[in-house]
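Here is a short briefing on one protein model. Look at the strands, then the helices, then the pocket.

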Amino acid sequence: MLRLDGVIHSYSLPGGATLDALRGISLSIEQGERVAIVGANGSGKSTLARHFNGLLLPTRGDVYVNGINTRDTSQLHTIRQTVGIVFQDPDNQLVATVVEEDVAFGPENLGVPYAELQDRVTEALDAVSLVSERKRAPHLLSGGQRQRVAIAGILAMRPRVLVLDEATAMLDPRGRRDVLEILARLHAGGVTIVQVTHFMNEAALCDRVIILDAGEIVA
């Protein structure tokens with residue numbers, strides 16, 4: 001489902017210097033796997049996560065999503081439907097003033113017909129146990145609930161892969177537990193899960209753990 005071949009990603013620094021955040025990453029993630037990516041701050045975890053759905057493109061090397069090279073800009077629509085990504089701060093991902101409108105935003109922009117759109121919103125909110133909150137304003141919800149709204153917005157696009165970039169880092173223990181329960185249900189339903197995390201108890205729930213250090217896979 002996801003394959004990286006010799007991926008190098010360099011950031012430009014002031015004065016013309018460059019920093020290699022990823023240094024020759026090669027890995028494959030199969031459909032239905034649940035994989036954790038761990039490492040110290042600055043190890044390249046978030047940079048790697050953003051390559052999984054083409055938010056970043058490699059400086060050198062290639063990334064394939066279900067066989068599609070992310071460099072093929074004509075296929076970005078398909079890539080973004082296949083791989084959804086949830087970030088650390090839920091407030092940076094919410095765009096509407098009503099929960100159900102926020103969840104509808106992604107599939108609506110994909111051109112999903114209205115009747116199907118309503119079904120997708122209900123289905124996604126049900127998956128994160130927030131159907132009862134669909135008419136509320138997101139800012140009135142707890143941090144954990146807002147992160148669940150962000151996840152619902154991705155689920156409404158029906159991705160085959162869900163990438164979470166430190167998505168539980170800002171949550172309290174109850175909010176983190178709620179998100180992990182959702183991930184367990186999604187994984188049991190066949191969704192491929194990639195979790196960037198620094199919580200070892202989360203990594204222990206995964207089928208496989210990839211350890212990054214200074215932009216390289218070390219284990």
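The points below cover strand pairing, a helix contact and a pocket.

This is a predicted model. Strand β9 pairs with β3 and with β10. Helices α3 and α5 pack against each other, and each supplies at least two residues of the lining of the largest pocket.

**Strands**
- Strand β3 covers residues 34-38, and β9 covers residues 208-213.
- These two strands run parallel, joined by 4 bridges.
- Isoleucine 37 has isoleucine 210 in β9 as its bridge partner.
- Strand β10, residues 216-217, pairs with β9 in the antiparallel sense, over 2 bridges.
- Here leucine 212 stands opposite isoleucine 217 in β10.
- β9 and β10 form a hairpin with 2 residues between the strands.
- In that hairpin, alanine 214 takes a positive phi near 50°.

**Helices**
- Helix α3 spans residues 99-109, and helix α5 spans residues 143-155.
- They pack at an angle of about 35°, and their axes are 7 Å apart.
- Their crossing is right-handed.
- From α3, the contact uses Val99, Asp102, Val103 and Pro107.
- From α5, it uses Val149, Ala152 and Gly153.
- The contact residues divide into 5 nonpolar, 1 polar and 1 charged.

**Pocket**
- The largest pocket has a volume of about 430 Å³.
- Its lining has 19 residues.
- Ile85, Gln93, Gly106, Ile154 and Met157 lie nearest its centre.
- Strand β6 (83-86), α3 and α5 each supply at least two lining residues.
- The largest share, 5 residues, comes from α3.
- By class, the lining has 11 nonpolar, 6 polar and 2 charged residues.

Notes
Residues are numbered from 1 along each chain as its sequence is written. This is a predicted model: local features need pLDDT of at least 70, side-chain atom pairs count only at pLDDT 80 or more; totals for chains, interfaces and linings use all residues. Side-chain values use heavy atoms; hydrogens and water are left out. Two strands pair if DSSP finds at least two bridges between them. Axes are lines fitted to C-alpha atoms, for helices over the stretch in contact, and angles run from 0 to 180 degrees between N-to-C directions. A crossing is left-handed if the near helix is turned anticlockwise from the far one by less than a right angle, and right-handed if clockwise. Contact means heavy atoms within 4.5 Å. Ala, Val, Leu, Ile, Met, Phe, Trp, Tyr, Cys and Pro count as nonpolar, Asp, Glu, Lys and Arg as charged, and the others, Gly among them, as polar. On a 1 Å grid over the protein atoms alone, a cavity is a set of points where a 1.4 Å probe fits but cannot get out, and a pocket is an open set with protein on both sides within 12 Å along at least five of seven lines; lining residues have an atom within 4 Å of a point. Grid points are joined across faces, edges and corners, and a volume is the space filled by probe spheres set on the points.
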